[in-house]
Amino acid sequence: FGLGYADIYRDDLYQYLKAKGFSDYQMKESSLVNIDTVKGNYDKFFNRVIFPIMDINQRVIGFGGRVMGEGEPKYLNSRETILFDKGRNLYGLNYAKRSRSKSLILCEGYMDVISLHQAGFTNAVAPLGTAFTPNQAMLLKRYTNEVILSFIKIYYSKLCGFCQAFSEKRYNKKYFDFFVKEEYNIVAFRG
């Protein structure tokens, strides 16, 4: 999955890119560096494990970062750009699409996808952030008619209420209708 690490120094990437001839404007536009006249220039992803986010064609379109130790926010994504729209991509789909499985496992986040792939479930994917969008559902539909939902109980409500609707047998019209309309077979389980 190409994981990396950004160390604890707040401006290592800034200094590196500056030495390579990149302007402050270019660094700011990349969303990898924050240019701030008050706080100073600093790397967006410092003291974090870095997760490259790839599109279905194996191209890096953004990054996610999880803080090492204590700190907020716990997770950060690259800001949205022409290339990176988190509501239109799924983490791990670039690998899962090659799975020989007839289904895809939709789980919570980066580490869940990586763990499931390491355990042999190479059909795992995750939304990028806390919301699951209709665009992501349509993206899933391109590759499968069966979605297996794998979320821990406390995370159900963060998936726009749709996982909660399945677990509690309640009808959440907005999301349930979308999946019924798209003719998905849905299997829900919790960890």
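Trainee: Where is Met138 found?
Mentor: Met138 sits in helix α5, residues 134-141. Helices here are DSSP runs of H or I with at least four residues, strands are E runs of at least two, and both are numbered from the N terminus.

Trainee: How far is Met138 from Arg88?
Mentor: Their C-alpha atoms are separated by 8.9 Å. Along the chain, the two are 50 residues apart.

Trainee: Before I go on, what kind of model is this?
Mentor: This is a predicted model: local features need pLDDT of at least 70, side-chain atom pairs count only at pLDDT 80 or more, and totals for chains, interfaces and linings use all residues. Residues are numbered from 1 along each chain as its sequence is written, and side-chain values use heavy atoms, with hydrogens and water left out.

Trainee: Back to Arg88. Which side chain does it meet in a salt bridge?
Mentor: Asp85, at 3.3 Å from N to O. A salt bridge is a side-chain nitrogen of Lys or Arg within 4 Å of a carboxyl oxygen of Asp or Glu. Arg88 is partly exposed at 48%, and Asp85 is partly exposed at 24%.

Trainee: Why would such side chains pair?
Mentor: Side chains of opposite charge can pair when their charged atoms come close.

Trainee: How many salt bridges does the structure hold?
Mentor: Four. Among them is Lys18 with Asp24, whose closest N and O atoms are 3.1 Å apart. Lys18 is partly exposed at 38%, and Asp24 is partly exposed at 25%. Another one of the four joins Arg59 to Asp55, with 2.7 Å between the closest N and O atoms.

Trainee: And Asp55, buried or exposed?
Mentor: Buried, at 9% relative accessibility.

Trainee: New topic: the core. Which residues have the most contacts inside the largest one?
Mentor: Phe51, Ile53, Tyr91, Tyr110 and Leu128, in a nonpolar core of 15 residues. Such a core is a set of buried Ala, Val, Leu, Ile, Met, Phe, Trp, Tyr and Cys residues joined through side-chain atoms within 4.5 Å.

Trainee: Which elements supply at least two residues each?
Mentor: β4, β8 (103-107), α4 and β9 (124-127). Apart from this core lies another, of 13 residues, including Leu93, Leu106, Ala137 and Val147.

Trainee: What does Ile53 touch?
Mentor: Leaving out residues up to four places away in sequence, its contacts include Arg59, Phe63, Asn77, Phe84, Tyr91, Tyr110 and Leu128. Contact means heavy atoms within 4.5 Å.

Trainee: Tyr110 keeps coming up. Which residues of α4 are buried?
Mentor: Tyr110, Val113, Ile114 and His117, in a helix that runs over residues 110-118. They lie on the same side of α4, because they cover an arc of only 95 degrees around the axis. That arc is taken from the directions from the helix axis to the C-beta atoms.

Trainee: Why does that spacing work?
Mentor: An α-helix has 3.6 residues a turn, so residues three or four places apart point the same way.

Trainee: What follows α4?
Mentor: Gly120, with a positive phi near 100 degrees.

Trainee: Which residues other than glycine have a positive phi?
Mentor: Ser31 is one of them, at about 65 degrees. Ser31 lies in the loop between α2 (24-30) and β2 (33-34), and it is buried at 6% relative accessibility. Gln58 is another, with phi near 70 degrees. Gln58 is in the loop between β4 (48-54) and β5, partly exposed at 34%.

Trainee: Last one: which peptide bond is cis?
Mentor: The bond from Glu72 to Pro73, with omega near -10 degrees. Pro73 is in the loop between β5 (60-67) and β6 (75-77).

Technical notes:
Buried means under 20% relative accessible area, exposed over 50%, partly exposed in between (1.4 Å probe, protein chains only).
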